[in-house]
Amino acid sequence: MKICDVKAYAVRIPRNIKGALGTAGLPAPLTGVESTDNSGQPSFTFKWAEANQTIYSTGIETTLVKVETDTGIVGWGESQSPVAPEITRTIIETLLRPIVIGEDAGAPEILWSRMYQAMRVRGHTGSFLLDAIAGIDIALWDICGKACEQPVCRLFGGSPLLQIPTYISGLEGDDLHSRLSYAQSQVAAGATRFKIFLDTTQGDCLRLIDRLREEYSEEIEICVDALWRLSLKSALGFARQLESRRVGWLEAPLKPEDVRGHGRLAANSPIPIAIGESYRTRYEVLPFFEVGGVDMLQPDIGRSGLTEGRKLSVLADTFHTPVAPHVSIGLGPQIAAALHLSAACVNLHSIECNPQVYVVANQFLTEPLRFTGSTISVPCNGGGLGIQVNEQALQEFVAP
């Protein structure tokens with residue numbers, strides 16, 4: 001079963017910015033101007049987040065990957081590409097495609113290692129290169145499952161019968177009233193877990209938590225994502241405020257490079273510290289475990305791939321740490337891959353769910369992902385990732 005072709009598609013889908021504000025992919029108010037090409041025309045659109053000095057796209061951007069084999073089996077993957085998916089597409093087409101063409105599609109772990117080794121001595125051990133590798137890797141596992149007529153999670157020793165517990169990622173709206181209304185609608189749909197973002201001031205965040213506790217008391221779990229905005233001192237003070245409000249974890253508190261700071265914070269914080277979405281390999285994450293800086297690991301399978309994602313989950317289990325996969329902006333292949341990994345994680349806590357993104361993802365699948373307010377089913381139709389991309393529906397959103 002040889003790989004005979006690899007295609008990458010840079011995808012850009014319009015998004016309701018106001019409606020998405022406060023949720024994954026648009027967690028903070030945006031400012032700044034659109035990017036333009038050499039002719040002065042808009043090319044891809046991104047703006048700065050006011051809160052955390054990071055750029056976000058005003059649309060849904062991602063890179064889908066299609067791997068074809070000489071047996072006729074086709075696999076779909078996805079690279080997490082929330083900004084400028086053309087970069088990931090170019091890496092796949094120019095660098096990675098020649099490496100895997102003609103190779104055995106049934107050996108994703110060997111091919112992940114080969115793609116990684118190709119540029120590691122030049123310092124390319126993260127960022128867009130690893131995202132590109134992840135897209136191909138996910139597609140290869142899809143092929144393996146289809147060839148074996150088994151869901152991917154079975155290949156990892158998991159069960160496709162599981163309902164994966166979810167948490168709602170962010171509360172839609174730009175003021176307290178709208179966010180409480182959104183929470184009410186999700187609770188009515190069965191949601192029991194929520195994550196909110198530190199997108200303005202700590203006071204605003206604490207007031208929102210207080211109102212949620214007044215409304216729902218202990219009926220819901222609440223976690224907070226700090227968007228890498230805090231110093232060690234301010235994170236400790238904020239964590240104490242969150243403890244009194246029975247918050248489940250403080251996510252992304254410090255700059256992602258600060259290994260020592262995360263160790264000191266986790267040692268002194270009264271609530272768990274959650275990190276992981278910024279990292280792609282066990283090599284990046286291991287130092288954080290060694291200093292005791294991780295209480296909840298949040299790997300992003302669109303960045304690590306399934307091969308390395310599985311190793312990250314085992315690494316976390318080695319340190320007796322639960323896993324809650326990060327799922328932000330992405331379409332069906334990325335979400336399905338995270339679900340299959342989750343179904344094989346003995347240390348699974350929950351998986352991130354942005355209902356608005358999931359609804360968009362379903363527009364490009366022949367069979368939708370099925371989710372409630374508190375769980376999502378593992379797709380297993382036809383083996384592999386259990387999904388089929390509707391290429392015709394996708395075409396108008398593919399960048400030239």
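Visitor: Among contacts in the protein between residues at least 6 apart in sequence, what percentage join residues at least 24 apart?
Guide: This is a predicted model. Contacts here are pairs with heavy atoms within 4.5 Å. Among those between residues at least 6 apart in sequence, the share that joins residues at least 24 apart is 72%.

Visitor: How many helices and strands does the protein have, and what is its radius of gyration?
Guide: The secondary structure comes to 14 helices and 14 strands. The globule rule gives 21 Å for 400 residues, and the protein comes close to that value, so it is as compact as a globular protein of that length. Along the principal axes, its C-alpha atoms fill a box of roughly 60 × 50 × 45 Å. The radius of gyration is 20 Å.

Visitor: What percentage of the 400 residues count as buried?
Guide: A residue is buried when its relative accessible area is under 20%. Of the 400 residues of the protein, the share that counts as buried is 57%.

Visitor: Which strands stand at the edges of the open sheet of three strands?
Guide: The order in this sheet is β1-β5-β6, with antiparallel pairing. An edge strand has a single partner, so one side of it is left without a neighbour in the sheet. From one strand to the next, the twist averages 20°. The strands at the edges are β1 (3–13) and β6 (74–79).

Visitor: Where does helix α2 bend?
Guide: Helix α2 spans residues 85–100, and its bend is about 35°. Its buried residues include Ile 91, Ile 92 and Leu 96. Among the elements that cover the buried residues of α2 are β1, β5, β6, α3 (108–120) and α4. The bend of α2 is at Glu 93.

Visitor: Which residue just after α2 takes a positive phi?
Guide: The phi in question is about 85°. The residue that takes this value just after α2 is Gly 102.

Visitor: Glu 149 has a positive phi; is the residue buried or exposed?
Guide: Phi of Glu 149 is near 55°, in a residue other than glycine. Glu 149 lies in the loop between α4 (127–148) and α5 (152–155). Its relative accessibility is 65%, and the cut-off for this class is over 50%, so Glu 149 counts as exposed.

Visitor: Ala 252 also has a positive phi; is that residue buried or exposed?
Guide: Ala 252 is not a glycine, yet its phi is about 45°. Its place is the loop between β10 (250–251) and α9 (259–268). Because its relative accessibility is 4%, Ala 252 counts as buried.

Visitor: How many disulfides does the structure hold?
Guide: A disulfide needs two cysteine sulfur atoms within 2.5 Å. For Cys 345, which is buried at 8% relative accessibility, the nearest cysteine sulfur is that of Cys 153, 11 Å away. For Cys 353, buried with a relative accessible area of 1%, the nearest is that of Cys 223, 14 Å away. The number of disulfides in the structure is zero.

Visitor: Which residues does Leu 286 touch, not counting residues up to four places away in sequence?
Guide: Leu 286 lies in helix α10 (residues 282–290) and, at 31% relative accessibility, counts as partly exposed. Its C-alpha atom is separated by 9.1 Å from that of Ala 316, 30 residues apart along the chain. The residues that Leu 286 touches are Leu 315 and Phe 319.

Visitor: Which residues are in contact with Gln 186, leaving aside its neighbours within four places in sequence?
Guide: Gln 186 lies in helix α6 (residues 176–188). Gln 186 is buried, with a relative accessible area of 12%. The residues in contact with Gln 186 are Ile 168, Ala 191, Phe 194 and Pro 355.

How values were computed. Residues are numbered from 1 along each chain as its sequence is written. This is a predicted model: local features need pLDDT of at least 70, side-chain atom pairs count only at pLDDT 80 or more; totals for chains, interfaces and linings use all residues. Side-chain values use heavy atoms; hydrogens and water are left out. Helices (H or I, at least four residues) and strands (E, at least two) are DSSP runs, numbered from the N terminus. Buried means under 20% relative accessible area, exposed over 50%, partly exposed in between (1.4 Å probe, protein chains only). Two strands pair if DSSP finds at least two bridges between them. Axes are lines fitted to C-alpha atoms, for helices over the stretch in contact, and angles run from 0 to 180 degrees between N-to-C directions. The bend at a residue is the angle between axes fitted to the seven residues ending there and the seven starting there. The radius of gyration is taken over C-alpha atoms; the globule rule is 2.2 Å times the number of residues to the power 0.38.
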